[in-house]
Number of protein chains: 2
Amino acid sequence: MKNTLYLLLLLTLGCQTKTETKPTFGIVIHGGAGTILKENMTAEKEAAYRQVLSEAIQVGYEILKEGGSSQDAVEKTIHVMENSPLFNAGKGAVLTADATIELDASFMDGATLDAGAISGVRTVKHPISAAIKVMEASPHVMLSGAGADSFAKEQDLEIVEPEYFFTERRINSLKRVQEANAQKKLSLSEIDKAFLQQQRYGTVGCVALDLSGNLAAGTSTGGMTNKKWNRIGDAPIIGAGTYANNATCAISATGWGEFFIRSVVAHDISALMEYKGMSIEAAAKEVIHNKVAKLGGDGGVVGIDRHGNPMMEMNTAGMYRAHMDAEGNLAVKIYREE
Amino acid sequence: MKNTLYLLLLLTLGCQTKTETKPTFGIVIHGGAGTILKENMTAEKEAAYRQVLSEAIQVGYEILKEGGSSQDAVEKTIHVMENSPLFNAGKGAVLTADATIELDASFMDGATLDAGAISGVRTVKHPISAAIKVMEASPHVMLSGAGADSFAKEQDLEIVEPEYFFTERRINSLKRVQEANAQKKLSLSEIDKAFLQQQRYGTVGCVALDLSGNLAAGTSTGGMTNKKWNRIGDAPIIGAGTYANNATCAISATGWGEFFIRSVVAHDISALMEYKGMSIEAAAKEVIHNKVAKLGGDGGVVGIDRHGNPMMEMNTAGMYRAHMDAEGNLAVKIYREE
């Protein structure tokens, strides 16, 4: 009897060790959440989104498969989405009330808990790379406005004319929004609230676990159409839009930024895992469907935990998203029920 | 026996109800943490700090005692410290590398989880009031730079010339720092790291519980001397420098902002209370002495929980701080061992 128990103990320990140490990797991305309904989509548009999501995640997947870092995978995957005018990040970002483009991004390294963020840059081709550079080459975590642009230039990041980011689609969106607001004669706060309820998609994000067991998370966005007063949303806020910690998970959020800041969404998911032992999925459901929803906010999050379990959760009609595991299985999704 | 048990149960329930509902209030403030050593202090300087801390907390105390809101107490208490050139907030704030002054502040309401923040304003006399106005009168949580200044002006907040904030003491500090850096020929990151280790005091903050059971937290700062690239520290970041939630506590932080952002300090203290049932003191000790310290950061936090228990915790040599309870007992402290 004693020997049998001992054997069982050994077997149990053996299994646990295997679960804990088996090297695996994975990657999850999003291209924004919001009122994305099948009836408003054309087959071409849907195919275009699925195509860019697939291309982007494949870039990160190949890096991770070759033993590259989660940081590198997150950065290079986000570059693909920043380059695509389909998403509200980098080229094709939305316009502010003054018809300028102000870009926000952040990155966090789960191994060191180091982080970098920029808000309101106007000339940096890849805002996610500027966020990473703030982490690596400055003593700061967050830079903003013209200062962040100067820093990126000093660091030899790719600088473009502000015009590079502009697309006809976004210029038209701003016109439509401003004309509608003028007709309705709404106050500043009413305008933004009414309008926000249809406009919250496009932010991009990526989380990854690499073969060394390191987690990383990054988020990049143009914020919201017609934004004013150098508004900062959740995307560049460590703890709100982005968080990574090797002890728990890596998270990137997209949605109504104000509610995501107030709910400290990304860190709260990690805290529920660390302090209550929740799974990444249970923690994300609690934060999105209970906490954020109770305040009246909506949006989505993607994440990956330290064992490689992916998570894609939203309380909107849809979220552009994709996931790839170590075996190369790819899932690309748009609508909530899919 | 059964009757005795029933009686005991009733008594227990009665006591619990009393503990939960007895209206009380309290207020805690800080004026920054850092290398504050008795040997570097004069009796006059020490008396001046204690005097302003006492005056400031008394303002909030009177509001709370009369049944006023924790929001009003936090705002008016911080005004006193923003007006005092002793602290690095409002008048007497530190200078940036370009010899400008850029002010950050944030506020959070524990009842609604609503929040407001501004970063990099140059003309708003009371940055804490601008943060509150963002919460109340805009659809946003965080505004920055010139946009935040414009918003404050539109909202009829008190606007001053940038010169209002300048003091000889801070102009001299910037000169000393820049001369020292030039002599040492340090790289940009080395400069800031070396220098940061002596410079992290002055941020002000206040947390309060009012007679209605509502918690509020606010923080206001000029950031760090010689800061560059429109750097944003933890003070205007909801979850890092400021957090309030009626379910747990209200927190305001001060210290090496970069580490406080990475540790999501204010929200993490709340999460440890909410998810692990820790006391406010145990949670703050865990975050400051374990989590922040492990990363190499230092600073302090003040807080108050929903029962009115105060907390003032630091891993620096000192923190300007004070606490007042509902009975009017006042404690003003500077050094860690006091």
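A: Contact here means that heavy atoms lie within 4.5 Å. This is a predicted model, in which local features need pLDDT of at least 70 and side-chain atom pairs count only at pLDDT 80 or more, while totals for chains, interfaces and linings use all residues. Residues are numbered from 1 along each chain as its sequence is written, chains are lettered from A and ligands numbered from 1 in the order in which they are written, and side-chain values use heavy atoms, with hydrogens and water left out.

Q: Which residues does Glu313(A) touch, not counting residues up to four places away in sequence?
A: By that contact rule, and leaving aside residues up to four places away in sequence, Glu313(A) touches Glu281(A), Ala284(A), Lys285(A), His289(A), Gly299(A), Gly300(A), Val301(A) and Met319(A). Glu313(A) itself belongs to strand β11 (residues 310-314) of chain A, where a strand is a DSSP run of E with at least two residues and a helix is a DSSP run of H or I with at least four, both numbered from the N terminus.

Q: Why is Glu313(A) called buried, rather than exposed?
A: Buried means under 20% relative accessible area, exposed means over 50%, and partly exposed lies in between (1.4 Å probe, protein chains only). Glu313(A) has a relative accessible area of 10%, and therefore it is buried.

Q: What makes the pairing of Glu313(A) with His289(A) a polar contact?
A: A polar contact is a pair of N or O atoms within 3.5 Å, where within protein one must be able to donate a hydrogen and the other to accept it, and where residues adjacent in sequence count only if both atoms are side-chain atoms. The side chains of Glu313(A) and His289(A) are joined at 2.8 Å, so the pair meets the rule. The side chain of Glu313(A) also makes a polar contact with that of Lys285(A), at 3.5 Å.

Q: Why is the pair Lys125(A) and Glu158(A) called a salt bridge?
A: A salt bridge needs a side-chain nitrogen of Lys or Arg within 4 Å of a carboxyl oxygen of Asp or Glu. The closest N and O atoms of Lys125(A) and Glu158(A) are 3.7 Å apart, so the pair qualifies. It links distant parts of the chain, 33 residues apart, with Lys125(A) in the loop between β3 and α4 (127-137) of chain A and Glu158(A) in the loop between α5 and α6 (168-184) of chain A.

Q: What does chain B show for Glu158(B) and Lys125(B)?
A: Their side chains meet in a salt bridge of 3.6 Å, N to O. Glu158(B) is partly exposed, with a relative accessible area of 46%, and Lys125(B) counts as buried at 17% relative accessibility.

Q: How do you know that chain A and chain B meet, and how many residues take part?
A: By the contact rule, 48 residues of chain A are in contact with 48 residues of chain B. The area buried between them, meaning the accessible area (1.4 Å probe) that two parts lose on being put together, summed over both, is about 3900 Å², of which carbon and sulfur atoms give 64%. In chain A, Trp229(A), Arg262(A) and Tyr275(A) lose the most area to chain B, together 22% of what that side buries.

Q: How many salt bridges and polar contacts cross between chain A and chain B?
A: The count of salt bridges between these chains is four, and one pair that meets the rule is Glu274(B) with Lys291(A), at 3.4 Å, N to O. Across the interface there are also 21 residue pairs in polar contact, both residues being at pLDDT 80 or more.

Q: What makes β7(A) a partner of strand β4 of chain B?
A: Two strands pair if DSSP finds at least two bridges between them. Two bridges join β7(A) to strand β4 (residues 142-144) of chain B, so these strands, which run antiparallel, are paired. Within β4(B), Met142(B) is the bridge partner of Ile232(A).

Q: Which strands form the open sheet that includes β7(B)?
A: Nine strands form it, in the order β13(A)-β12(A)-β1(A)-β5(A)-β6(A)-β2(A)-β3(A)-β4(A)-β7(B), with mixed pairing. The edge strands, each of which pairs on one side only, are β13 (330-335) of chain A and β7 (231-232) of chain B.
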